[in-house]
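This briefing concerns a single protein chain. Please consult the sequence and the structure shown below while reading the points that follow.

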Amino acid sequence: MATFLYRLGLGAFRRRRLVVLVWLGVLAAVAVGAAGARGPSDEEFSMPGIESQKAFDLMEERFPGAAADGATARIVFVAPDGRQVGTGDLRKAVVNAVDTLGGGPRVAAVADPFESQAVSKDGTTAYATVTYKVESADVTDADRAAVDKAANQARAAGLTVETGGSAMDGGGGPGGVAEIVGLSAAAVVLLITFGSLAAAGLPLLTAIVGVAVSLFTVVLLAGPLGLSSDTLTLGTMLGLAVGIDYALFVVSRYREERERGRPPQEAAGVAVGTAGSAVVFAGITVMIALAGLSVVGIPTLTKMGLAAAGAIAVAVLVALTLVPALLGYWPDAVLARRTRKARARGADRTVLPSGGAPGTRTRVNLGTRWAGFVLRRPVAVLILGVVGLVALAVPVASLRLGMPGDEAKSTATTERRAYDALAAGFGPGFNGPLTIVVDARGSADPHAAVRAVGDRIGGTAGIVSVSQARFNQVGDTAVFRATPSSSPTDQRTKDLVEAIRRDRPAVEKQASATFEVTGTTALNIDVAAKVQAALVPYLAVVGGLAVVLLLLVFRSLLVPIKAALGFVLSVLAALGVLVLVFQEGHAADLFGVEQTGPIMSLMPIFMMGIVFGLAMDYEVFLVSRMREAYTRGEGAEQAVVSGFRHSARVVTAAALIMIAVFSGFIGEQGGLIKMLGFGLAAAVLFDAFVVRMAIVPAVLALLGDRAWWLPSRLGRVLPRVDVEGSALGHARPAGPDRDPDGPVRAHR
């Protein structure tokens, strides 16, 4: 591996013009293709195998054309205090607004609230539903402007008017602010780390190129593959973070080799052969974690995971080819100022061993001081780190999963105000009614069977009303709505759905018909249940593959296990903090969370997948330098110090960059992206600075040489991938070399 990547780095450095032209050509090709593509859209969420989805499928089969994918808009009218919407000029204003909306070229129908009985019992609130002929993605700004115009006309009469619905969502995707915040913070961190504008700018430039290629590709494939706007945002988030980090590690190793006196071309080859090997295996680990999301069985989640894995692959290729190519254009500009001055004075250019042979005097920096502190107090550091993370993870016990909707948006949005107005006028459960699909095909009297089901469900505690059933043309299937007394995200609503389903056998026996419970509320409950059931299989698949991969990288049995356990601690602590802020409301104002509620159903599995990959990134980058020192003859504790001397600063910078990039997405309006940005930032903070920087060296200090133990039989079976670059002759010092699978041996 190291030898192949060494040659790749040399080739990219030598043929830098060709490499740059190829990347620019790829970028131009996907950009042109994306310009004429439809782009991402918010496709209809589906999850095969759950009751809600089966009911939706049955509706599409028995009610052909009724479950069209046309977008909808809802306009909510609220009368001033002491008045009703159905009286005098207020009624006239509502009717005029409905007439205005009905004239739109894309409008299929508008439901008059006075004809469709969409007026609250106290007469203070009414709503009109606009159905469009096109999907949400095809609703134009002009269509939305028409709705706003009608709303403003009604407001002029004294009504309070709010709007919502899928048609009023202007789309998602990266808006630019989060990216600018992340890039700005990353630039500051890189400048402080390298002390050179060129060295700081190169990782940013290559990361932007990689992200641009990934995003244009997603836009190009969004139509054929049905990718959502969240896929675009996730690809941006991860591609930007890992793209900067991977380039950072290669540039850092290049500078290190140049400081040892290597010529530019040789330094580029060694950097790609060593740091590039770590980049490859770290990237593969992240891709495994993201691609593993497909085991959950949610098509949307699978597409997002695979698209994000593609963005990671592009970041790896950029780090291995474009970075050394650009180093060829500015071989000295990326060096530290003191190094450039030393070279200008003609300082000694003798090539020093990459790892520093035993007995060689080594440079002391903050990383070595911290490693020394941990090595002197490993038990105290280990206990403090583990106890702290466990304490932060305690709130996970009260984790509630759901799919927050408009109620989780800011009160500054009209969608949230419309939600609140409907809840106040029609009851908390109005925004999340249950849809009951009755299959009476086997009944002698379908209408009687549907009435029996409706009466039984209507009499269930927690149901406030049941609508009139609507039959299909054949007359053997009916649909009606049951409105709960509690809000869609309330635990009582979940208990109500479970109670209706538990009572199903008795109801079906009495009515001689079967029924399914669906609707947005029931769908969210089913999604949460399926995600929870998939967590263990997902962790088993992804964790098993990652441990095997790390076993190949480190040729150690205990190091991969330690890495996996550290990940569990960091991700549980991050989930605990997520519960504290987004569910329980602690410090919610600080992060712009105006409404607390359940954690989005996809969050735990998304976080586990992404954080697992990122956690293994830091494990590979940090511990590979320790193994490199250990295989060159250093003792177990000294190898820890050497690893920190070479990697602590750059790992710290990489973690700060990721935290900055992820934190920038906390300001996004999308609930999933907002939570994901916060959760990933917290997880990187815990994993990089508590697990990898404190717990890992403490455990390695306590294990000593046993940390690098590998059964001899297993050692003979496992292929050698040579991440530390020991196969590169120039990287090996003269003298004894320690083989982690056997005794000290001499060079041949």
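The model is predicted: local features need pLDDT of at least 70, side-chain atom pairs count only at pLDDT 80 or more, and totals for chains, interfaces and linings use all residues. Residues are numbered from 1 along each chain as its sequence is written, and side-chain values use heavy atoms, with hydrogens and water left out.

**Confidence**

- The chain has a mean pLDDT of 81, and 88% of its residues reach 70 or more; pLDDT is the predictor's confidence in each residue, from 0 to 100.
- Among the elements of the chain, α13 has the highest mean pLDDT (94) and strand β13 (residues 744–745) the lowest (37).
- Over residues 348–361 pLDDT stays under 50, and the model has 28 contacts beyond four places in sequence for them, a contact being heavy atoms within 4.5 Å.
- Residues 730–748 also stay under 50 in pLDDT, with 44 contacts beyond four places in sequence.
- Where pLDDT is low, the predicted coordinates should not be read in detail.

**Overall make-up**

- There are 23 helices and 13 strands in the chain; these are DSSP runs numbered from the N terminus, helices being H or I of at least four residues and strands E of at least two.
- Of the 748 residues, 55% count as buried, that is, under 20% relative accessible area (1.4 Å probe, protein chains only).

**Nonpolar cores**

- A nonpolar core is a set of buried Ala, Val, Leu, Ile, Met, Phe, Trp, Tyr and Cys residues joined through side-chain atoms within 4.5 Å.
- The largest nonpolar core has 169 residues, and those with the most contacts inside it include Tyr246, Leu578 and Phe662.
- Helix α20 (residues 603–631) gives the most to this core, with 19 residues.
- Another core lies apart from it, with 28 residues, among them Val94 and Ala150.
- Beyond its neighbours within four places in sequence, Leu578 is in contact with residues including Ile599, Met603 and Phe678.

**Second largest pocket**

- The second largest pocket holds about 870 Å³ of space.
- Its lining comprises 32 residues, of which Asn365, Arg645, Ala648, Arg649 and Val650 lie nearest the centre of the pocket.
- Helix α21 provides the largest share of this lining, nine residues; α21 (636–664) and α22 (671–703) are among the helices that each supply at least two.
- By class, the lining has 17 nonpolar, eight polar and seven charged residues.
- A pocket is an open set of points on a 1 Å grid over the protein atoms alone, where a 1.4 Å probe fits, with protein on both sides within 12 Å along at least five of seven lines; lining residues have an atom within 4 Å of a point.

Methods
Grid points are joined across faces, edges and corners, and a volume is the space filled by probe spheres set on the points. Ala, Val, Leu, Ile, Met, Phe, Trp, Tyr, Cys and Pro count as nonpolar, Asp, Glu, Lys and Arg as charged, and the others, Gly among them, as polar. Buried means under 20% relative accessible area, exposed over 50%, partly exposed in between (1.4 Å probe, protein chains only).
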